[in-house]
Amino acid sequence: MATKEKSKTKNITIKIDGQDISVAEGSTILEVARKTNIHIPTLCYHDDLCVAGNCRVCVVEQIGARNLVASCATPAAEGMNILTNSGKVRLARKHIVELLLSEHNADCTKCYKNGNCELQNLASEMLTRDHLFLDLVADRHYSIDKFNPAIIKDDSRCIRCQRCVRTCEELQSVSALEVANKGAHMKISTFYEHPLFEVVCTNCGQCVNRCPTGALIERTYVDEVWDALYNPKKHVVVQTAPAVRIALGEALGMEPGKIVTGKMVAALKRIGFQSVLDTDFTADLTIIEEGHELLSRLKRALVDKDPKVALPMTTSCSPGWIKFIEHTFPEYLPNVSTCKSPQQMFGALAKTFYAQKRGLNPEDIVSVSVMPCTAKKYEADRPEMRSSGHKDVDFVLTTRELAIMIRQAGLDFESLPNEQYDSIMGVSSGAGVIFGSTGGVMEAALRTVYEVVTGKEIPFENLNITPVRGTEGEVRKASLKITGTLPDFNFLEGVELKCVVANSLVYAKRVMQEVRDGKADYHFIEIMACPGGCLGGGGQPIPTSPEIRAKRKAAIYQEDMGMTIRKSHENPEVTAIYKEFLGKPLGHKSHELLHTHYKARQRY
Amino acid sequence: MSELIQRVDLIFGEYSDQKYKVLEEALKRPNDDIIKDLLDSGLKGRGGAGFPTALKWKFTAEVPSDEKYVVCNADEGEPGTFKDREILSRVPRKVFSGMAICGKVIGSNKGLIYLRGEYKFMLPELLKELDTYHEHAKKLNHNFTIEIRLGSGAYICGEESALFESMEGKRGEPRNKPPYPTTSGFMGKPTVINNVETFVNVLMICRIGPVQFRKLGTTDSRGSKVFSVSGDTPKPGIYELELGMPLFQFVDEFGDGDTKAVQVGGASGFCVPRKKFKDTIIGFEGVPTGGSMMIFNSSRSMYNVLHNYLDFFEEESCGQCTPCRVGCQQLRKGIEAVKRGEKPVLYLEQLMKLAETMKITAKCGLGQSVANSFSSIVSNFKEEMIY
Ligand SMILES: Cc1cc2nc3c(=O)[nH]c(=O)nc-3n(C[C@H](O)[C@H](O)[C@H](O)COP(=O)(O)O)c2cc1C
Ligand code: SF4
Ligand code: SF4
Ligand code: SF4
Ligand code: SF4
Ligand code: FES
């Protein structure tokens, strides 16, 4: 397998379609073409993954070479003369797309990806209407795995590009998907072809984000939600996660990086949700609970010298991460914060606190969440998540599904006015917003913990704790010396609080291996299962790429800066809920509703 | 044996009187000398692609690296080929010596033999000889060990980059090229991979010198070749013959008097019909072969022959790339459809174009070479495809 990035130093000159271009040595022909705005179709290539070179639709003609070359996999070399659209190339490409279609269940009108499918686009570009080859689908038995609450895998739509396999291995180090068999029987499979929910799959949905076709999709609950909305006996509340508001626009034709919070709220109200609320509220609540949990663990370790206290503590708001640790490092489950994810805190409160305040019977409440995430679909189905006495979150929609509902409702999204979240459980802080980015939970927690411990604001300009703002493709470590503690927290005086932030499970694994090998002395570990954090979640608009995620990230921090309240403990609704309902952080009610435990799972 | 056909005794010839003597001599020579000899000998790889061995070694020698490997390809999966088995069982010492010389020349101390899974039965004998080799290597102060790895029975694992993947414990899928093994082979390190027979040729060149070696064969195809002769022949078996002979001589010698076609180079090679025997040279200037020669007489249906090959490719394709995975199925189903009259005869033209696309777009040699047998059989035996 070729590696994508090499040290690019020397410059070379190549000719593409008659144009001389000077490029850094090590670039592929495809990269050069893109820089020159020459479009070469691709299928197996993806910006986030190493090069596979297996679909072959990106072939181009290299004058003087016997065969065509795959532009995604071939480095540009001095003096190359490339034709990207010669007769030879066009015929070959057309053949290849026709071949893919001949073994493809191409009934697009019954396919979830209709309208957002790379194969479909290519077929339309190639004018494939004459069926050059025989139909191979009829005598095939393709399997569909539809037992998973989060992800559906339909082999009849698979073009075997292996993007999913590479995603699961390279970004997530899970390898739940692998290639099985050879020749005509080659397929993407799981351990002994078990359904996805029985294997190590974390439901992160990263493979879904990168599948070019309808072979890997989320399980959709759009119809169920419409049914609930049309049911006059039901009171339907919706919560929206932080990362949805900065990505939803993309799925509705807008540029990446647009903040559409107000329009999203307006759309949800027009769709008919009785109450449009904010997961950011429970993100703030998570910070209070998790911050106190961290302090209490530190106290037990430093003051009581309790050898049983599990440190470092890891965050727990990413359900993909939870399932990963259950499978891969079950011995470290005690290190995971017992806090539920903000989605599940919200669900538990919706059918207790909210129901009480609104005088509703919890049975009549349908609680819907809109998430950038597919793992949250699975999470909502977990048996642990029924502490209100009902299913705490009834339906989880992805950002993409919300876009579908908005289109179905006939709304012209861009022209909607900006509207405000309802109350109660609709107020949030900037700290809650940045939960959507890697490093955000850490930053939000530090803004609060530092102030609880010292009585002073954390000493960073504008509260922007940039050292913990994670980036993709690395493990970010930071430490913070605590001085000037309040009497209750004297045990932390002079302590260097060591934090580490990781996104993508491949980096989570690295951090946990360090911990396991005794090579780490962290206190607090933030892990988000997806590249860039929730903003790169498996439920976000497709396509995804490092550039797109960078724009979403900028939008998140911009939204944080624009908020009047920046710290979770200053969220007035948070203060109020402790006074009226929860009592105190880590109190009895909190434990009942907001905390949980997870279980070890098999390693295959 | 007719006088026209030159039988040779280079590969299978006697060992030198003293064990590992040629290796001992070679170890005393400068590396450049050995490479120059290989260059002068005109030796080309015997695994199929015919790449000049001297250049392969030279390129690998020139790459600086803390670790390099010498790999002997003994996967021998091509249908109708069984010559590497014969070489390894009759003259294993020559193979090990050739590898050890390569280790010296490129600066590697690790050799690996990837042995076809079905040849497991040879393991005890080979290991015994390997012990002897290691004893001598020690005596000669040559730090080069050889290890044998067993393949798992997939034809594609004979393709060099798939072979590396397989030895690394991964699924045997060919890699993108470049990079080539000379810079990034086994474990991503510079690697020379050669066929079993190529290593023996190297040893023989060291023994008899390039001048003597060049006397065999033609300008483009120097030396001798071990052929696996099968099919409609009264004398199937393994023969070492001079390269570059005209096919008609071969047929005179091995045919049963009723030869209709010869498949040169196995399923991935070319089918030569009777009318072209006269003008066909067996060698790199004509029809190259990794050793397989299958003879068909007039009782054979060439449709069935082709169908068998296509079944084989459909099964043995690794399945990763589109043109090969789907193309193989289309070709097989396509000729069936024409035969049954479900598709017009013209559809064969469509399939020939498809085969051409496979040749120029498939990721590795397997998919690229399906067109060889397909096009040569369909164009030469069109009536048999239809009726
Ligand atoms: C599908 C496929 C199968 C191959 N199988 C073999 C094999 O069994 N033995 C072999 O020596 N070369 C095989 N080759 C060729 C190797 O890739 C490689 O070119 C060869 O081992 C190089 O050795 P040489 O330079 O000595 O010929 C195969 C190639 C392809 C594409
Ligand atoms: S995957 Fe794409 S091409 Fe296939 S049926 Fe769905 S929309 Fe159509
Ligand atoms: S499931 Fe999707 S990503 Fe995976 S190989 Fe099939 S088409 Fe490609
Ligand atoms: S959802 Fe995540 S863990 Fe599961 S198969 Fe896809 S990439 Fe792998
Ligand atoms: S040509 Fe065939 S064997 Fe080679 S990589 Fe492609 S599918 Fe695999
Ligand atoms: S995009 Fe280049 S081979 Fe698939």
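This is a predicted model: local features need pLDDT of at least 70, side-chain atom pairs count only at pLDDT 80 or more; totals for chains, interfaces and linings use all residues.
Figure 1. How many residues take part on each side? In chain B 36 residues are in contact with 39 residues of chain A.

**Figure 2. The helices that chain B brings to the interface.** Across the interface of chain B and chain A, 18 residue pairs are in polar contact, counting pairs with both residues at pLDDT 80 or more. Three helices of chain B, α10 (302-316), α11 (322-339) and α12 (347-361), each supply at least two residues of the side that touches chain A. Which helix gives the largest share of that side? The answer is α11(B), with ten residues. Sorted by kind, the residues of chain B's touching side are eleven nonpolar, 13 polar and twelve charged.

**Figure 3. Salt bridges from one chain to the other.** Three salt bridges are found across the interface of chain B and chain A. One of the pairs to look for is A:Lys182 with B:Glu316, whose closest N and O atoms are 3.5 Å apart. Another salt bridge joins the side chains of B:Lys333 and A:Asp139, at 3.1 Å from N to O. This second pair crosses between chains: B:Lys333 sits in helix α11 of chain B, while A:Asp139 sits in the loop between α3 (118-126) and β6 (144-145) of chain A. Are these two partners buried or exposed? B:Lys333 counts as buried because its relative accessible area is 17%, whereas A:Asp139 counts as exposed because its relative accessibility is 52%.

**Figure 4. Two salt bridges within chain A.** In one, the side chains of A:Lys15 and A:Asp20 meet at 3.5 Å, N to O. A:Lys15 has a relative accessibility of 29%, so this residue counts as partly exposed; A:Asp20, at 54%, counts as exposed. In the other, the side chains of A:Glu331 and A:Arg603 meet, again in a salt bridge, at 3.5 Å from N to O. Where in the chain do these two residues lie? A:Glu331 is in the loop between α9 (319-328) and α10 (342-358), and A:Arg603 is in the segment after α18 (588-594), so the pair links distant parts of chain A, 272 residues apart. A:Glu331 is partly exposed at 42% relative accessibility, and A:Arg603 is exposed at 55%.

Figure 5. A:Glu218 lies in strand β10 (residues 216-218) of chain A. Why does this residue count as buried? Its relative accessible area is 2%, and the cut-off for buried is under 20%. Its side chain makes a polar contact of 3.0 Å with the side chain of A:Tyr112, and a polar contact of 2.9 Å joins the side chains of A:Glu218 and A:Arg400. Leaving aside neighbours within four places in sequence, A:Glu218 is in contact with several residues, including A:Ala150, A:Ile151, A:Val208, A:Thr374 and A:Lys377.

**Figure 6. A:Ser275 and its surroundings.** A:Ser275 lies in strand β12 (residues 275-278) of chain A. This serine counts as buried because its relative accessibility is 0%. Which side chain is in polar contact with that of A:Ser275? The partner is A:Tyr354, at 3.0 Å. Not counting residues up to four places away in sequence, A:Ser275 touches a set of residues, among them A:His235, A:Val236, A:Val237, A:Val238 and A:Asp422.

Figure 7. How many disulfides does the structure hold over all chains? The count is zero. A:Cys168 is buried, with a relative accessible area of 11%, and B:Cys318 also counts as buried, at 9% relative accessibility.

Notes:
Residues are numbered from 1 along each chain as its sequence is written. Chains are lettered from A and ligands numbered from 1 in the order in which they are written. Side-chain values use heavy atoms; hydrogens and water are left out. Contact means heavy atoms within 4.5 Å. A salt bridge is a side-chain nitrogen of Lys or Arg within 4 Å of a carboxyl oxygen of Asp or Glu. A polar contact is a pair of N or O atoms within 3.5 Å; within protein, one must be able to donate a hydrogen and the other to accept it, and residues adjacent in sequence count only if both atoms are side-chain atoms. Helices (H or I, at least four residues) and strands (E, at least two) are DSSP runs, numbered from the N terminus. Ala, Val, Leu, Ile, Met, Phe, Trp, Tyr, Cys and Pro count as nonpolar, Asp, Glu, Lys and Arg as charged, and the others, Gly among them, as polar. A disulfide is a pair of cysteine sulfur atoms within 2.5 Å. Buried means under 20% relative accessible area, exposed over 50%, partly exposed in between (1.4 Å probe, protein chains only).
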